[in-house]
Amino acid sequence: MNEPRAKRLTSKGYGFENVKEPGQALPWEHVAKLISEARNYWLVTATKDGRPHAAPVWAIWDDGRLLFSTARNSRKGINIEANPRVVVHLDHDQAAVILDGIAERVTDRETIDRYARATDAKYEWEGDMNELLADENNGVYVVHPHIAYSYAEDLGETATRWEFPH
Amino acid sequence: MPGYGIAGEIDGALPWQWAKDVIDACRNPALATMRPDGRPHLMPIWAVWVDDHGVGFSTAITSVKSKNLLKNPSAALYFERDRDNLVVEGTAEIIQLDDFPGFVDTYKRKYEFAIDEGPVWVLRPTSAFGFIETDEDFAKTATRWRFEG
């Protein structure tokens, strides 16, 4: 998978300059696990007239990219169609992760099937994702992260900017 | 209905007091803004609700958040409390502490942190959306509030 490179954050006043080895206190392996195990993901998209829109989604971490589904005519779906730049945020008790990336609709059958199976297994919900996705008004979307930020309670020790090779 | 803090129109089940409780209970809400190049930006912040005004928060005027808001004041803030989810959308403006009664006290009570110097930001809400995430309650609890400016 795409293993990102750890960088030091540059914001002033948080002690980031004291981080000796970026990515060491909270390694990517652990961050990926947090992303994978989160339940709700906040998806931030941009409306056509330039306002941010935030909504929670369920999602699956699929080997370095995030898969989720939504109605194609939802605000999320409409926004992504016009502007694919998105931010995804997840918050654990122990740490938070922010993904900055590009979203696009998935049309490849194999990925859609994998997403449906993984969602039913992860969320143990009463519905059936395949059935939901049989409705062509619903779409599966993938977020390719370009940059990720992660940090735990001890911000100055753990905050890391991750850059993905693209 | 004059001012902020009272929903002008409610199409749902949750009372606005529920939303205020969620804001109060959520220690680390997140603020979404727009970068000038059209990319959304997101950063967790500390924030409190102040009746008749909106959501108050403080950030350095040199931060990305502030720079974005100075160019484009549209913003969204979201809050979580267990399975309770709330999004507040609106327009942010800079406000002096003297014009923002209640902010410093509320902030101190919530975060045990005294803000003694302004200005700070206030998000004047235009709409809010809340729901409780459980299998059976979603449709029943999903509530949209609209605010009159």
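This is a guided tour of a predicted model, going from one selection to the next.

**Chain B as a whole**

Start by selecting chain B and colouring it by secondary structure. Chain B has 4 helices and 9 strands. Followed along the sequence, these elements come in the pattern β-α-β-β-β-β-α-β-β-α-β-α-β. Chain B holds 149 residues, and 52% of them count as buried. Among contacts in chain B with a separation of 6 or more, 65% are between residues 24 or more positions apart.

**Helix α2 of chain B**

Next, select residues 64-71 of chain B, which form helix α2. Which residues of this helix are buried? They are Lys65(B), Ser66(B), Asn68(B) and Leu69(B). These residues lie on the same side of α2(B), because they cover an arc of only 160° around the axis. Turn to the other side of α2(B) to find Leu70(B) and Lys71(B), which are exposed. Now show the strands of chain B that the buried residues of α2(B) pack against: β2, β3, β5 (54-57), β6, β7 and β8 (120-132).

**Where chain B touches chain A**

Show both chains. Here 28 residues of chain B are in contact with 24 residues of chain A. The area buried between the two chains is about 2,100 Å², and carbon and sulfur atoms give 57% of it. Select Pro40(B), Leu42(B) and Tyr78(B): they supply 24% of the area that chain B buries against chain A, more than any other three residues.

The rules find 2 salt bridges across this interface, along with 8 residue pairs in polar contact. On the side of chain B that touches chain A, the elements giving two or more residues are β2 (30-34), β3 (40-44), β6 (74-81) and β7 (84-95) of chain B. The largest share, 6 residues, comes from β6(B). By type, the residues on this side of chain B divide into 14 nonpolar, 7 polar and 7 charged.

**Glu133(B) and its two partners**

Side chains of opposite charge can pair when their charged atoms come close. Select Glu133(B) and Arg39(A), which form a salt bridge with their closest N and O atoms 3.0 Å apart. Is Glu133(B) buried or exposed? Glu133(B) is buried, because its relative accessible area of 10% is under the 20% limit. Arg83(B) is partly exposed, at 37%.

Select Asp51(B) and Lys20(B), a salt bridge whose closest N and O atoms are 2.9 Å apart. Asp51(B) is in the loop between β4 (47-50) and β5 of chain B, while Lys20(B) is in helix α1 (residues 16-25), 31 residues apart. Asp51(B) is partly exposed, with a relative accessible area of 40%.

Then select Glu93(B) and Arg124(B), another salt bridge, with the closest N and O atoms 3.4 Å apart. Glu93(B) is in strand β7 and Arg124(B) in strand β8 of chain B. Glu93(B) counts as partly exposed at 35% relative accessibility, whereas Arg124(B) counts as buried at 14%.

**Last stop: chain A**

Finish with Thr10(A), in the loop between β1 (5-7) and α1 (28-37) of chain A. Thr10(A) is exposed, with a relative accessible area of 67%.

How values were computed: Residues are numbered from 1 along each chain as its sequence is written. Chains are lettered from A and ligands numbered from 1 in the order in which they are written. This is a predicted model: local features need pLDDT of at least 70, side-chain atom pairs count only at pLDDT 80 or more; totals for chains, interfaces and linings use all residues. Side-chain values use heavy atoms; hydrogens and water are left out. Contact means heavy atoms within 4.5 Å. Buried area is the accessible area (1.4 Å probe) that two parts lose on being put together, summed over both. A salt bridge is a side-chain nitrogen of Lys or Arg within 4 Å of a carboxyl oxygen of Asp or Glu. A polar contact is a pair of N or O atoms within 3.5 Å; within protein, one must be able to donate a hydrogen and the other to accept it, and residues adjacent in sequence count only if both atoms are side-chain atoms. Ala, Val, Leu, Ile, Met, Phe, Trp, Tyr, Cys and Pro count as nonpolar, Asp, Glu, Lys and Arg as charged, and the others, Gly among them, as polar. Buried means under 20% relative accessible area, exposed over 50%, partly exposed in between (1.4 Å probe, protein chains only). The arc is that of the directions from the helix axis to the C-beta atoms.
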